[in-house]
Amino acid sequence: MTEAAAEPGQARRVRVRELARVSEWGRWAGSAPPSAGYAGPASARAARLVTAAGRWSTRLPPVVWDSLLPALLLLNVLTTRTPRELPVAAALTAALALPLLWRRRAPLTVFAAVAAAAFVQWLMDVQLPADVALLVALYTAAAHSGRRGVLVAGAVVEAGVLLACLRWATDGAFLTPFAAVTAMAVAAAVLGVNARTTRAYLAALVERAARLEREQEQQARLAVAEERTRIAREMHDIVTHNLSVMVALTDAAVYAQHRSPDRATAAMLQISETGRQALTDMRRSLGILRTDEPDAERHPLPGLAQLDALAEQMCATGLPTRLDLHGGHGHVPATAQLTVYRLVQEALTNTLKHAPAGTRANVRIRCAAETVTVDVTDNGPCPPAPGAAPSGRGIPGHGIPGMRERAAAYGGTLRAGPLPGGGWGVHTRLLLGSSGAVSA
């Protein structure tokens with residue numbers, strides 16, 4: 001059950017990882033991986049090659065990609081500058097480009113270092129292609145910092161654009177280069193913000209998938225615990241009732257074996273029948289744990305129709321029991337009938353175990369359209385047991401708590417205790433409506 005509950009969460013994580021790979025490829029290649037819908041075999045092969053290249057590229061460490069731009073910028077300076085200009089140009093290019101190697105670890109610090117190098121470059125009146133590093137640093141700052149960091153970095157870059165255009169604009173053409181460089185700065189900032197938003201969205205998807213998986217696993221564990229509790233309650237009722245009946249019949253058979261052998265023989269036969277019935281009930285209750293167990297299908301769950309046999313069984317053990325069943329019970333669900341049967345069975349078993357000889361029991365079941373009322377009373381004495389949690393007739397145990405759990409499953413409350421005129425009584429009302437059946 002836990003494995004089945006975990007499958008949806010694993011599927012979500014797979015989809016999130018695929019989405020992350022698509023996003024990573026789009027960040028480096030500028031678009032999502034091409035689909036296989038191209039026309040012609042050459043286009044299909046090209047699409048496969050591009051897709052394979054994109055997957056291979058995402059497996060490389062980020063530092064490899066971060067080192068490409070500084071290497072290209074330094075190579076450009078070494079191949080284009082004269083020997084007299086080379087030392088200053090190389091030093092400024094290194095100051096602008098090399099900090100990009102650490103841009104993922106400390107984006108704002110790297111941006112500050114690149115901006116400081118660009119300001120020194122402006123003071124020295126040297127123009128370099130390495131100024132593009134400032135746009136990369138702005139993109140990184142926007143992708144890894146909040147709104148305030150983006151605004152501060154954007155303002156610094158815009159001030160640098162203004163100073164550069166004022167100094168290096170040719171023939172008084174200020175507006176055109178200023179607008180172009182400003183547009184590039186805005187584009188870098190927007191791309192960085194979009195990357196940060198996408199990364200946050202993917203992280204939210206991963207967190208949601210993990211949370212759903214945890215919730216499903218928790219629900220599976222709760223379902224297993226609830227099923228174990230139900231089975232334990234069923235086994236308690238079956239074993240307690242049938243063993244109590246068998247003990248009472250055995251005592252009666254021992255008492256009557258010399259005076260009335262026929263009655264002793266009947267009691268022994270009843271013991272055998274009770275034992276077989278107990279085995280059948282146990283196989284039926286435990287049959288759901290095995291897929292190859294057919295007994296649960298061959299033997300229906302006990303219900304209101306089996307209360308007559310239960311009353312006769314109790315009479316055979318020496319507890320005269322009268323059953324009054326009012327109203328039709330064809331509309332009562334099978335699970336509700338099983339609950340009524342177990343409540344009556346547990347109440348009569350407690351009376352059989354704890355009431356003295358000569359006690360009589362009355363069972364009254366009233367079936368209405370939306371409710372089933374159960375009353376089980378006897379006329380035996382009930383000695384008080386102060387300080388003990390009652391179960392049965394003042395004996396601590398699991399009988400009455402289990403009965404309360406069964407009644408609560410159908411929105412009912414169970415009352416068990418001494419009656420005003422003497423004796424012991426158990427009363428509950430089960431709600432059959434959709435609002436009453438809390439758990440079947």
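What is the handedness of the crossing of α6 and α7? The crossing of these two helices is left-handed, a term used if the near helix is turned anticlockwise from the far one by less than a right angle, with right-handed used if clockwise.

## Basis of the model

This is a predicted model, in which local features need pLDDT of at least 70 and side-chain atom pairs count only at pLDDT 80 or more, while totals for chains, interfaces and linings use all residues. Residues are numbered from 1 along each chain as its sequence is written, and side-chain values use heavy atoms, with hydrogens and water left out.

## Overall composition

The chain contains 13 helices and five strands. Helices (H or I, at least four residues) and strands (E, at least two) are DSSP runs, numbered from the N terminus.

Of the 440 residues in the chain, 37% are buried. Buried means under 20% relative accessible area, exposed means over 50%, and partly exposed lies in between (1.4 Å probe, protein chains only). Among the contacts in the chain with a separation of 6 or more, 68% involve residues 24 or more positions apart; contact means heavy atoms within 4.5 Å.

## The pair α6 and α7

Two packed helices are described by the angle between their axes and the distance between the axes. Helix α6 (residues 132-144) packs against helix α7 (residues 147-168) at an angle of about 165°, and their axes are 9 Å apart. The two helices are therefore roughly antiparallel. Axes are lines fitted to C-alpha atoms, for helices over the stretch in contact, and angles run from 0 to 180 degrees between N-to-C directions. Angles under 35 degrees count as roughly parallel, over 145 as roughly antiparallel, 65 to 115 as roughly perpendicular and the rest as oblique.

On the α6 side, the contact with α7 is made by Leu134, Leu138, Ala141 and Ala142; on the α7 side, by Val150, Ala153, Gly154 and Val157. By class, seven of these residues are nonpolar, one is polar and none is charged. Ala, Val, Leu, Ile, Met, Phe, Trp, Tyr, Cys and Pro count as nonpolar, Asp, Glu, Lys and Arg as charged, and the others, Gly among them, as polar.

## The pair α4 and α5

Helix α4 (residues 86-97) and helix α5 (residues 107-123) pack at about 155°, with 8 Å between their axes. Helix α4 is therefore roughly antiparallel to α5, and the crossing of α4 and α5 is left-handed.

Leu92, Ala95 and Leu96 of α4 meet Val114, Ala117, Ala118, Val120 and Gln121 of α5. This contact comprises seven nonpolar residues, one polar residue and no charged residues.

## A loop residue with positive phi

Most residues other than glycine have a negative phi. Asp125, in the loop between α5 and α6, has a positive phi near 55°. Asp125 counts as partly exposed, at 46% relative accessibility.

## Buried residues and their contacts

Leu304 is located in the loop between α10 (295-298) and α11 (307-316) and counts as buried, at 2% relative accessibility. Leaving aside neighbours within four places in sequence, Leu304 is in contact with His329, Gln337, Val340, Ile365 and Cys367. Cys367 is itself buried, at 13% relative accessibility.

Thr339, in helix α12 (residues 334-354), is buried with a relative accessible area of 7%. Not counting residues up to four places away in sequence, Thr339 touches Arg406, Tyr410 and Leu430.
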